[in-house]
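Subject: Structure handover

Hello,

Here is the structure you asked about. My notes on it follow below the model.

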Amino acid sequence: MPELPEVETTARLVRPHLLGRRLTAARVLWLRTLGGATAAGFQRAVVGATVRGVDRRAKWVVLDLGAAGALLVHLRMTGRLVVEPAEDDAGPWLRVGLGLDDGRELRFLDVRKFGRVLHVAEPSAVFAALGPEPLGPEFTPEALLAGLRARRRALKPLLLDQGFIAGLGNIYVDEALHAARLHPLRRSDEVTPRAARALHGAIQRILAAAIEREGSSFDVFYRTPEGRPGEYQHLFQVYGRDGQPCHACGATVQKIVVGQRGTHFCARCQRAKP
DNA sequence: AGCTACTCCTGGTAGC
DNA sequence: TGCTACCAGGAGTAGC
């Protein structure tokens with residue numbers, strides 16, 4: 001599932017194809033992808049605009065359109081961005097296509113239709129509720145500890161909360177909690193300063209390593225814009241490894257459900273109580 | 001405040 | 001082999 005490393009990879013790889021390109025057309029094949037806008041309104045807003053920047057915030061790919069506002073793309077479960085010759089068949093999962101002035105098309109493909117392509121005049125309204133970037137300067141061990149102490153929630157759902165920290169999803173939360181030796185149901189206000197530092201380090205180290213490997217692919221869905229699978233799945237310690245031995249201690253990796261999410265952990269490495 | 005349940009979707013897979 | 005039932009899950013919403 002696309003999380004921060006997959007979205008960062010997507011933004012990096014489409015950027016050189018899009019910078020300076022003018023949008024010449026917009027076709028909408030699944031209206032709900034627009035998140036409530038009409039196809040005509042969307043077309044009016046974006047056709048003629050020029051892409052001034054391609055960045056990432058949380059799990060959003062942000063196309064800066066200058067005075068025309070911005071396009072915000074959320075891949076959710078199965079979304080992908082690709083840039084292909086406009087005459088090439090886009091396949092059955094094309095939801096939104098944006099024609100480019102070089103004869104190609106930026107395509108949003110999405111099997112499960114949960115993804116979104118939003119036009120906004122100003123991204124700040126969408127981004128206002130997001131927590132800090134885990135690889136950004138605001139995310140320090142001290143800030144993490146203070147945030148954990150300010151809440152009384154289980155670590156797993158808290159780390160998935162985009163308002164607490166932006167960009168983590170189910171995979172990298174499970175991996176970070178294992179690396180920090182913290183049980184997913186441990187209460188956030190009971191985490192020690194030492195454990196908070198370990199968690200901070202684990203989050204940063206794992207995300208950076210996953211970005212280096214262009215994210216994680218373990219099913220048919222996530223591929224880079226160039227069609228390659230990511231490689232970080234080979235380094236998973238717990239995610240998807242239930243029933244197999246923990247690489248750290250040899251105990252069997254467990255899978256439980258926490259907040260409707262499959263949650264993988266090692267009960268020997270990650271104690272429920274300190 | 002924080003929890004659970006429900007919704008949106010469909011390809012893949014387990015079970016028969 | 002072919003069918004059905006169920007599962008995966010990010011994020012928004014509602015209800016307790």
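In DNA strand C, a phosphate oxygen is 3.4 Å from a polar backbone atom of Gly262. This is a polar contact, a pair of N or O atoms within 3.5 Å; within protein, one must be able to donate a hydrogen and the other to accept it, and residues adjacent in sequence count only if both atoms are side-chain atoms.

Some conventions before the rest. This is a predicted model, in which local features need pLDDT of at least 70 and side-chain atom pairs count only at pLDDT 80 or more, while totals for chains, interfaces and linings use all residues. Residues are numbered from 1 along each chain as its sequence is written, chains are lettered from A and ligands numbered from 1 in the order in which they are written, and side-chain values use heavy atoms, with hydrogens and water left out.

DNA strand C

Around DNA strand C there are 13 residues, of which Lys59, His74, Met77, Arg112 and Tyr239 come nearest; a residue is near a strand or molecule if one of its heavy atoms lies within 4 Å of it. Of the atoms of DNA strand C within 4 Å of the protein, 60% belong to sugar and phosphate. The surface near DNA strand C has 4 nonpolar, 4 polar and 5 charged residues. Here Ala, Val, Leu, Ile, Met, Phe, Trp, Tyr, Cys and Pro count as nonpolar, Asp, Glu, Lys and Arg as charged, and the others, Gly among them, as polar.

DNA strand B

DNA strand B is surrounded by 13 residues, and the closest are Arg32, Arg112, Lys113, Arg152 and Arg153. They divide into 6 nonpolar, 1 polar and 6 charged. Gln260 instead has a polar side-chain atom 3.1 Å from a base nitrogen.

Arg80 is found in strand E5 (residues 79-85); strands (E, at least two residues) and helices (H or I, at least four) are DSSP runs, numbered from the N terminus. Arg80 is buried yet has no salt bridge, and the nearest side chain of opposite charge, Glu84, is 6.5 Å away. Buried means under 20% relative accessible area, exposed over 50%, and partly exposed in between (1.4 Å probe, protein chains only). A salt bridge is a side-chain nitrogen of Lys or Arg within 4 Å of a carboxyl oxygen of Asp or Glu. Lys and Arg count as positive and Asp and Glu as negative; His and the chain ends are not counted. The Arg80 side chain does reach the backbone oxygen of Thr224, at 3.0 Å.

Leu94, in strand E6 (residues 94-100), counts as buried because its relative accessible area is 4%. Leaving aside neighbours within four places in sequence, Leu94 is in contact (heavy atoms within 4.5 Å) with Arg27, Leu29, Arg107, Phe108 and Leu109.

Salt bridges

The structure holds 17 salt bridges. One of them joins Arg56 and Glu8 at 2.7 Å, N to O. That pair links distant parts of the chain, with Arg56 in strand E2 (residues 53-57) and Glu8 in helix H1 (residues 4-18), 48 residues apart. Both Arg56 and Glu8 are buried. Arg228 and Glu226 also meet in a salt bridge (2.8 Å, N to O). Glu226 counts as partly exposed because its relative accessibility is 44%.

Regards
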